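Subject: Structure handover

Hi there,

Here is the structure I promised to pass on to you. Please open it alongside this message, and then read on for what turned up.

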Amino acid sequence: MAGLVEEIQALALDPTVNVADLLRRVKLAAVKLNLQDAIEWVDSELNGYVAVDSIPSYRHITGRVMVHDPYKGLYPLAGNSRIIDKLGKAPLRESISALEEVTSGENSDLMVPLPRGIVEKINNSNGGYHCDINNHITKSSVVAVIDHVRNLVLEWSLALEQEGILGEGISFSKEEKKLAKESHLTINNYGHFHQGDTHGHQNKTVIGSTDNSTNTISTENVFQQVIDAVNSSIGNENDRREIVELVEAMQSAQGTADYKPLFQKWVGYLADYATVLGPFLPAFSNLAG
């Protein structure tokens with residue numbers, strides 16, 4: 001019987017599974033393992049963020065400020081470009097289920113209303129009649145937020161496995177709970193995943209922030225490290241060849257728009273080769289932006 005951690009991994013790799021449902025499994029595991037930072041992060045994702053300063057960086061999206069004029073229709077807000085750029089920055093407070101609902105709908109954009117006071121000032125400066133003014137966030141930007149959360153969950157569950165924490169059914173042994181406490185595995189409210197303490201006593205992986213500690217895997221030669229690991233650890237010749245070719249293509253495409261679809265294809269191999277490929281996921285995820 002697969003444990004809860006392996007179930008989370010399988011669900012994270014299944015694009016048909018809602019991230020909200022995935023996060024409920026994460027909360028179940030985090031509560032049983034007493035990982036408080038992960039619990040708080042999951043609660044914020046499931047219920048929405050209250051304080052602006054608690055919204056993770058991956059939820060800070062730049063949109064396009066649009067005016068809906070009852071006479072002229074829809075058009076971009078004109079004026080001071082610096083001010084408009086500032087108005088276009090939108091920290092998304094909404095719950096992950098609300099964001100998923102947006103991406104499943106017919107509308108192409110998520111509309112975030114500007115503060116009422118700012119709308120009134122803009123309308124007054126344009127003759128005084130009422131226009132709706134919203135920040136339009138593209139659906140692809142919302143999808144990127146959802147994918148980031150899914151990736152964080154996958155990285156967290158893989159790290160649990162590396163620590164020897166899998167569970168049996170939905171339960172964990174006393175030894176696994178002890179390992180979880182000692183491993184310093186956290187997903188905090190800023191959307192960063194940490195493995196190891198801040199003094200470098202264990203390997204550390206940091207997503208979404210700067211890390212000055214020494215890691216086993218560096219992005220400088222991560223592609224060659226993956227190729228070496230695949231060649232030495234994957235016995236299936238066809239899979240081995242396909243993964244190596246994919247990694248070489250990712251190396252050539254890094255820094256371009258072609259990298260992300262290649263990365264997503266690479267993630268698909270994690271289901272079968274999590275032990276070999278899992279340690280490299282954080283580095284590849286960072287390169288995907």
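Below are some notes on the sheet, on one residue inside it, and on one of the helices.

Before anything else, please keep in mind that this is a predicted model.

**The sheet**

Four strands make up an open sheet, and their order is β3-β2-β6-β5, with antiparallel pairing. At the edges sit β3 and β5 (109-113), each of which pairs on one side only. From one strand to the next, the twist averages 35°.

Asp 69 has Gly 73 in β3 as its bridge partner, while Met 66 has Pro 76.

Helix α7 (residues 139-162) lies across β5 and β6 (132-138), and it runs at about 55° to β6.

**Asn 134**

This residue lies in strand β6. Is Asn 134 buried or exposed? Its relative accessibility is 14%, and the cut-off for buried is under 20%, so Asn 134 counts as buried. Leaving aside residues up to four places away in sequence, Asn 134 touches Arg 64, Val 65 and Met 66, and also Met 111, Val 112, Pro 113 and Leu 114.

**Helix α2**

Helix α2 (residues 19-33) has 15 residues. From its first C-alpha to its last it reaches 21 Å, close to the 21 Å expected at 1.5 Å a residue. Which residues of α2 are buried? They are Val 19, Ala 20, Leu 22, Leu 23, Val 26, Ala 29, Ala 30 and Leu 33.

After α2 comes Asn 34, whose phi is positive, near 60°.

Happy browsing, and do write back with any questions.

Best wishes

Technical notes: Residues numbered from 1 in each chain as written. Predicted model: local features only at pLDDT ≥ 70, side-chain atom pairs only at ≥ 80, totals over all residues. Heavy atoms only, no water. Pairing = 2+ DSSP bridges. Helix = DSSP H or I, 4+ residues; strand = E, 2+ residues; numbered from the N terminus. Axes fitted to C-alpha atoms, helices over the stretch in contact; angles between N-to-C directions. Contact = heavy atoms within 4.5 Å. Buried < 20%, exposed > 50% of the residue type's maximum accessible area, 1.4 Å probe, protein only. Expected span 1.5 Å × (residues − 1).
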